[in-house]
Amino acid sequence: MTLAGRSAVVTGATGVLGGAVARALADAGAAVGILARSRERTEAFAAELGDDALALVADVLDDEQLRSARAAVLERWGGVDILVNAAGGNMHAATVGERSFFELSTEALDDVVKLNLDGTLLPIRVFGEAMLAEPFPDGGRSIVNFSSMAARRAMTRVIGYGVAKAGVDNLTRWLAVELGRASGGRLRVNAVAPGFFVGEQNRSLLLHDDGSRTHRGEAVIAHTPAGRFGEPSEVADAVVWLASAAASFVTGVVLPVDGGFDAFSGI
């Protein structure tokens, strides 16, 4: 699954999963654009990855900033072969728990949908245009989106996030058809749907301060046949496969990376 000679852009690349993906792509030989909002964190991570990494400070909801990032990538590498949309996340104001479903604000629901759905769609519009314009390398090009188990299963609390990620699933399949036909099958679009991984946003929901599992964390493990939370590298390896020529006949797929969570009824 070598990616030598390929250029990649990873949005949300300073997050736990996005960072693991960026590192795995670099380890597989790709030159990687690190796209995130924080200049300090983006530049530090790019410097850590080395000379074949490029810091791209941009907001995935800002079309002008995305176009500036695209221009920097094209100037540096001449094209974009891989786009990974890892930016996203949940928002407390769009969750049920402290408030009922009927008390959720429309603005909060709009914000979480924009972050996850628009934050996937807009980078594809900007970078995907360049991916179609350049001559295709052997094995074609690849877009990999981040979905979630919340898009496939009804989960308590995360109504806005689940709706947004369900939109990402549909967008992935739609673009697999649209861009596949436009490119003669040489631009593929897939997604990964991670199960439960401990990150900055969900740590307090899954783990106590002493590292023991919360009630919700215990429920997750009870419904995960693998019997544990996932490791970021396990999502990253799946992304590398989808981005590589090894998956050249795979498109329109939302791939669970979940330790069997989606397969288990709980009974």
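Predicted model: local features only at pLDDT ≥ 70, side-chain atom pairs only at ≥ 80, totals over all residues.
**α1 and its helix partners**

- Helices here are DSSP runs of H or I with at least four residues, numbered from the N terminus.
- α1 and α8 (residues 232-243) pack at about 50°, and their axes are 8 Å apart (axes are lines fitted to C-alpha atoms over the stretch in contact, with angles from 0 to 180 degrees between N-to-C directions).
- That makes α1 oblique to α8 (under 35 degrees counts as roughly parallel, over 145 as roughly antiparallel, 65 to 115 as roughly perpendicular, and the rest as oblique).
- On the α1 side, V16, L17, A20, V21, A24 and L25 meet α8 residues including P232, V235 and V239 (contact means heavy atoms within 4.5 Å).
- By class, this contact of α1 with α8 has twelve nonpolar, one polar and no charged residues (Ala, Val, Leu, Ile, Met, Phe, Trp, Tyr, Cys and Pro count as nonpolar, Asp, Glu, Lys and Arg as charged, and the others, Gly among them, as polar).
- With α2 (residues 39-49), the axis of α1 comes within 11 Å and crosses at roughly 25°, so α1 and α2 are roughly parallel to each other.
- G19, A22, R23 and A26 in α1 meet F45, E48 and L49 in α2, a contact of four nonpolar, one polar and two charged residues.

- The largest pocket holds about 1400 Å³ of space (on a 1 Å grid over the protein atoms alone, a pocket is an open set of points where a 1.4 Å probe fits, with protein on both sides within 12 Å along at least five of seven lines; lining residues have an atom within 4 Å of a point).
- Its lining has 49 residues, and G88, G89, N90, Y161 and Q201 are the closest to its centre.
- α4 (106-133) is among the helices that supply at least two lining residues, and α4 gives the largest share, four residues.
- The second largest pocket has about 280 Å³ of space (a volume is the space filled by probe spheres set on the points, which are joined across faces, edges and corners).
- Among the residues lining the second largest pocket are R153, M155, F196 and H223.

Methods. Residues numbered from 1 in each chain as written. Heavy atoms only, no water.
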